Amino acid sequence: MAWTKYQLFLAGLMLTTGSINTLSAKWADMFRAKGCGENAEEHNFSHPFLQAVGMFLGEFCCLAVFYLLLCQDRRRPIPQMNPGQSFNPLLFFPPAMCDMTATSIMYVALNMTSASSFQMLRGAVIIFTGLLSVAFLGRKLAASQWVGIFITILGLVVVGLADFVSGNRDDSHKLSDVITGDLLIIMAQIIAAVQMVLEEKFVYKHDVHPLRAVGTEGFFGFFVLSFLLIPMYFIPVGSFSDNPRQVLEDALDAFCQIGHKPLIILALLGNTVSIAFFNFAGISVTKEISATTRMVLDSLRTLVIWVVSLALGWEHFHGLQVLGFVILLVGTALYNGLHRPIIARIPCCAAFAGEEEQSSEEERERLVNGDIRD
């Protein structure tokens with residue numbers, strides 16, 4: 001089925017802002033500045049949980065934009081905006097908590113590994129999204145999707161091997177940090193997959209406007225995580241933390257570093273603004289197309305991040321990463337049915353491709369009608 005201009009716009013917006021999001025977060029991690037106190041020494045800007053608060057602030061802003069657009073639309077003689085059905089906002093509390101947990105873990109991992117490996121390993125979310133969709137959305141995966149999952153697993157192994165090899169000759173990251181970061185990223189993808197399945201279920205069933213959905217999640221995530229910054233200030237974690245006090249998060253140290261090097265705020269603002277547009281585009285793609293298409297676009301931005309990181313000298317070129325990236329793309333393409341147009345051109349296989357497409361449309365109709373396993 002051909003995409004509309006609006007769907008293409010959403011895809012392009014998600015790809016662009018998603019790339020900016022990861023690059024700006026990594027840029028912030030690369031700054032060094034003095035902390036609090038006259039005798040404070042320069043140290044890395046390592047504040048993953050504060051960065052996650054900024055991400056949720058960007059999402060929260062979407063809620064204000066939603067109501068502004070709604071008020072403007074209601075002043076028209078004939079309103080055109082569909083605000084969606086009424087729903088209990090607490091429905092989005094579980095996916096917001098999943099988002100908060102997964103994002104915080106990934107920001108911690110981003111300090112330990114490269115931006116390109118970070119983005120490639122996030123492809124693991126396809127594996128867990130597919131399995132959870134079977135369990136909770138009642139989906140039936142086609143043979144090509146199972147093959148895509150196994151190929152994706154192979155790609156993750158190759159990327160992990162590339163990090164292992166490069167970790168032995170790259171002084172920017174210790175080998176132990178690289179391995180720990182990679183494992184944290186994969187663990188976060190399990191939580192992110194739960195978030196995606198919950199979002200797809202609620203968005204389809206309740207016809208929630210994308211801006212309202214993103215803003216509601218941002219509201220919960222922003223206030224919950226902001227409150228958690230208080231106990232994090234007093235929780236010692238030893239060498240696991242890079243801040244001078246070696247606590248889980250030192251927000252005061254972050255503000256002092258920003259005061260000594262104001263350019264940090266530019267990276268943080270880039271992260272906040274880009275995540276607002278990225279999540280709006282992402283959840284719109286979930287509604288207009290599917291959650292798995294959202295995963296495809298999320299994988300494609302890996303190439304953009306990788307090229308920019310190489311151009312800026314943030315990391316070195318490794319041939320195994322190329323192989324891993326190609327394998328991941330093949331697995332993603334198979335899982336999401338990108339092979340169907342090619343198969344449809346082959347006379348003997350056209351019927352098979354049509355059956356897969358019809359099955360996909362029936363599944364989408366079932367989800368829209370609310371026939372979802374609780």
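1. Let's start with helix α5, which covers residues 125-136 and has twelve residues. From its first C-alpha to its last it reaches 16 Å, close to the 16 Å expected at 1.5 Å a residue. The expected span is 1.5 Å times one less than the number of residues in the helix. Helices here are DSSP runs of H or I with at least four residues, strands are runs of E with at least two, and both are numbered from the N terminus.

2. A word on the model before you go on: it is predicted, so local features need pLDDT of at least 70 and side-chain atom pairs count only at pLDDT 80 or more, while totals for chains, interfaces and linings use all residues. Residues are numbered from 1 along each chain as its sequence is written, and side-chain values use heavy atoms, with hydrogens and water left out.

3. Which residues of α5 are buried? They are V125, I126, I127, T129, G130, L132 and S133. Buried means under 20% relative accessible area, exposed means over 50%, and partly exposed lies in between (1.4 Å probe, protein chains only). After α5 comes G138, with a positive phi near 70 degrees.

4. Now look for the disulfide, a pair of cysteine sulfur atoms within 2.5 Å. The count comes to one: C36 and C256, with their sulfur atoms 2.0 Å apart. This pair links distant parts of the chain, 220 residues apart: C36 sits in the loop between β1 (32-34) and β2 (42-44), and C256 in helix α9 (residues 251-260). The torsion about the S-S bond of C36 and C256 is about 90 degrees, so this disulfide is right-handed.

5. How accessible are the cysteines? C36 is partly exposed at 40% relative accessibility, and C256 is partly exposed at 24%. C71 is also partly exposed, at 45%, whereas C98 is buried at 13%.

6. The largest nonpolar core has 73 residues, and F45, L225 and I264 touch the most other members. Such a core is a set of buried Ala, Val, Leu, Ile, Met, Phe, Trp, Tyr and Cys residues joined through side-chain atoms within 4.5 Å. Helix α3 (residues 93-110) gives the largest share of this core, ten residues. Leaving out residues up to four places away in sequence, F45 touches residues including F31, A254, I258, I264 and L268; contact means heavy atoms within 4.5 Å.

7. Finally, find D73 in helix α2 (residues 48-74). Is D73 buried or exposed? At 4% relative accessibility, D73 is buried. Beyond residues up to four places away in sequence, D73 touches P79, Q80 and M81.
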